[in-house]
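Welcome! Here is a friendly first briefing to read alongside the sequence and the 3D view.

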Amino acid sequence: QQQQQHSNASDNQTSIDSRTKGVTLAPQTHSGPTGPPDTILEADAETEAAAEADTNTETVMSATATTDAVAQLTQAEGKAGELESSTTGATKVTIADSKNENQCSGGGDGGQSVGSSSSSSSNKATMQRQRRLRTPVWARSMSSTNKTRLADEDDELSEVQPDAVPPEVREWLASTFTRQSATTRRRTDEKPKFRTVAHAIRAGIFVDRIYRSVSRTALMQFPPEVVQILKNLDDWSFDVFALAEAAGGQPIKYLSYDLLNRYGIIHKFKIAPATLELFLNRVEEGYCRYRNPYHNNIHAADVTQTTHYVLCQTGLMNWLTDLEIFATLLAALIHDFEHTGTTNNFHVMSGSEKALLYNDRAVLENHHVSAAFRLLKEDDCNILVNLSREEFREFRTLIIDMVLATDMSFHFQQLKNMRNLLTLNEASVDKSKAMALVLHCCDISHPAKRWNLHHRWTMLLFEEFFRQGDLERELGLPFSPMCDRNNILFPESQIGFIDFIVEPSLSVMSDMLEYVLTPLAPMCKTSNASIDAGDAPVDGAAASTRQKADGECSTSAAAQPDDGTAKPSGAKPTPKFSIRKPWLACLNENKKIWKEQSLKEEAARNEKAQQEKEKEGESEE
């Protein structure tokens, strides 16, 4: 009988070994490299499979409880169960608290957003996880533990009436925002890989806990002045100049570190805080290399913050994977890295080394990406060291696509392609193109900010133009548009820039965001409710509070899109999902101020011309 029991125990031990054999891979701490986040339903299926496997193991354990091997397995299963409960809890469907006025200041990644399936975008999920950003580094104690979970480019300009803008402004728009040809960039779609919960449970527990302990003690320290300004990081018209002053000329360092922590990027991709800080310092140095008035580290921080606003406040982050969010933020950060303070056209006309290297095609944009990835190859600056081969390939492709799309000569082609796509009945918006459009719009968004910020950016940009004009004079080259400091029309140039470039761009971006985010929006509770992605229906008081917090201009201009269909009188209108558009009021206000200045300058020029004419008449007499 003892021999029979011993034989049964041996067989059970063999069964246990076969069930737990070979599970030694690293844990899955973030989403797959491509595609939208896996749905809750898929996650639940994986969890149930893991639970069933655990149940079978527990049955074997009860039959062999007298063996030492079973005792060891019981201890291992206890640890796995602890992680399983936290992992399963992270995927549990919960309803967002409607009292939370700002979803971007919350901690952890838990939550959910429910949307209806429609003929919409590339994500077909009917249920999606709603992201919530982590608590900022400067807002939590070091001892606390956060649980995270195309076309003819000239078509649009040809519609502009000859007298709509001065010839100089029209020439600048045509030379800067159009091109004769554009290369087509394609990216092969790959299906996301989904590793089971059981796989994550049984591997890497000890390493993950050690990493969390070390990273918490090594987080960067933020000066009190910087902390005060970063409290407004979720505002549309964020004052990046004030941040640069408080940060001692290092806005990239503090802003980027804070954002990467809020989105959980540092934790999810196992980025060493010291490596990240050194990388950000080197990026800051690269932006300051040429001492540009406009294309410098402050501009990079501004574009990165604006990108954060679009990701967070519209709910776009719920449509993207962790890797795609990481790529979007980093692309915004390095999109003008080592900018020379001159245009692509100047490099081509002057035959610079960069123009020769990149064959006159997107000269600066190619250099920005190339220089950034050269920096990332250095061991002490490699924040991508823990990405898998597949993740790195996807990450690099996204960065290249987004930064190259900031070439202004692609502008009209980019907008026309997206407009045409959105008119299709069964449109499928490519994530890479969507993210590229968002970055391009953020890059040219300063006319849509408060007047004091927009005016300051405008003066800095023209100073950079004038410096290029001085170089062109020295080299015997013709002046590029808007680069002759003795012949400039400030108000007219900005009015044309707003009317024909910025406003249409933000309009297309808004339409695209509302299209792809509609399936993720909460269900409407009232017929006239304005729905915000990842939030509750907004009533008047909440909208007023958010408008004040965003630092918007004097009036709110968010409008519901019109599909042109007639509605019977008295019929209950169909609720429509609409994002907040604080830029509309700012655009209108800034354009109004420029028009007033234009009239004053025109009157001054007429008066001066009249005086000169009178002097000439007196001299003839």
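This is a predicted model: local features need pLDDT of at least 70, side-chain atom pairs count only at pLDDT 80 or more; totals for chains, interfaces and linings use all residues.

Residues are numbered from 1 along each chain as its sequence is written, and side-chain values use heavy atoms, with hydrogens and water left out.

**The annotated active site**

- An unreviewed UniProt entry places the feature "active site" at His295; UniProt positions are given in the numbering used here, feature names are shortened, and annotations may be inferred rather than shown by experiment.
- His295 sits in the loop between helix H12 (273-287) and helix H13 (297-313); helices (H or I, at least four residues) are DSSP runs, numbered from the N terminus.
- Histidine 295 has 15% relative accessibility, so it counts as buried (buried means under 20% relative accessible area, exposed over 50%, and partly exposed in between, with a 1.4 Å probe and protein chains only).
- Leaving aside residues up to four places away in sequence, histidine 295 touches Tyr287, Asp336, His339, Leu461 and Glu464, where contact means heavy atoms within 4.5 Å.

**The annotated binding site**

- The unreviewed UniProt entry also places the feature "binding site" at His299, His335, Asp336 and Asp443.
- These residues are spread over 145 residues of sequence, yet they cluster in space, with a largest C-alpha distance of 10.1 Å.
- Histidine 299 belongs to helix H13, and it is buried at 1% relative accessibility.
- Beyond residues up to four places away in sequence, histidine 299 touches Tyr294, His335, Asp336, Asp443 and Trp457.
- Aspartate 443 is part of helix H20 and is buried too, at 9% relative accessibility.
- With residues up to four places away in sequence left out, the contacts of aspartate 443 include His299, His335 and Asp336.

**Salt bridges**

- How many salt bridges does the structure hold? There are 17, a salt bridge being a side-chain nitrogen of Lys or Arg within 4 Å of a carboxyl oxygen of Asp or Glu.
- As background, side chains of opposite charge can pair when their charged atoms come close.
- Arginine 262 and aspartate 234 meet in one of these bridges, at 3.6 Å from N to O. Arginine 262 lies in helix H10 (residues 251-262) and aspartate 234 in the loop between helix H8 (224-230) and helix H9 (240-246), so the pair ties together parts that are 28 residues apart in sequence.
- Arginine 262 is buried, with a relative accessible area of 3%, and aspartate 234 is buried at 7%.
- Arginine 282 pairs with glutamate 378, their closest N and O atoms being 3.0 Å apart. Because arginine 282 lies in helix H12 and glutamate 378 in the loop between helix H17 (363-376) and helix H18 (389-404), this bridge ties together parts that are 96 residues apart in sequence.
- Arginine 282 is partly exposed at 27% relative accessibility, as is glutamate 378 at 31%.
- Aspartate 499 bridges to lysine 591, with the closest N and O atoms 2.8 Å apart. This pair links distant parts of the chain, 92 residues apart: aspartate 499 in helix H22 (residues 490-517) and lysine 591 in helix H24.
- Aspartate 499 is partly exposed at 27% relative accessibility, whereas lysine 591 is buried at 13%.

**A pair of packed helices**

- Helix H19 (residues 411-422) and helix H20 (residues 431-443) pack at an angle of about 130 degrees, with their axes 11 Å apart; axes are lines fitted to C-alpha atoms, for helices over the stretch in contact, and angles run from 0 to 180 degrees between N-to-C directions.
- Their contact is made by His411, Gln414, Leu415 and Met418 of H19 and Lys433, Ala434, Ala436, Leu437 and His440 of H20.

**Two positive phi angles**

- Asparagine 359 has phi near 55 degrees, a positive value in a residue other than glycine; its place is in the loop between helix H16 (353-357) and H17.
- Asparagine 359 is exposed, at 59% relative accessibility.
- Aspartate 360, in the loop between H16 and H17, has a positive phi near 65 degrees.
- Aspartate 360 is partly exposed, with a relative accessible area of 42%.
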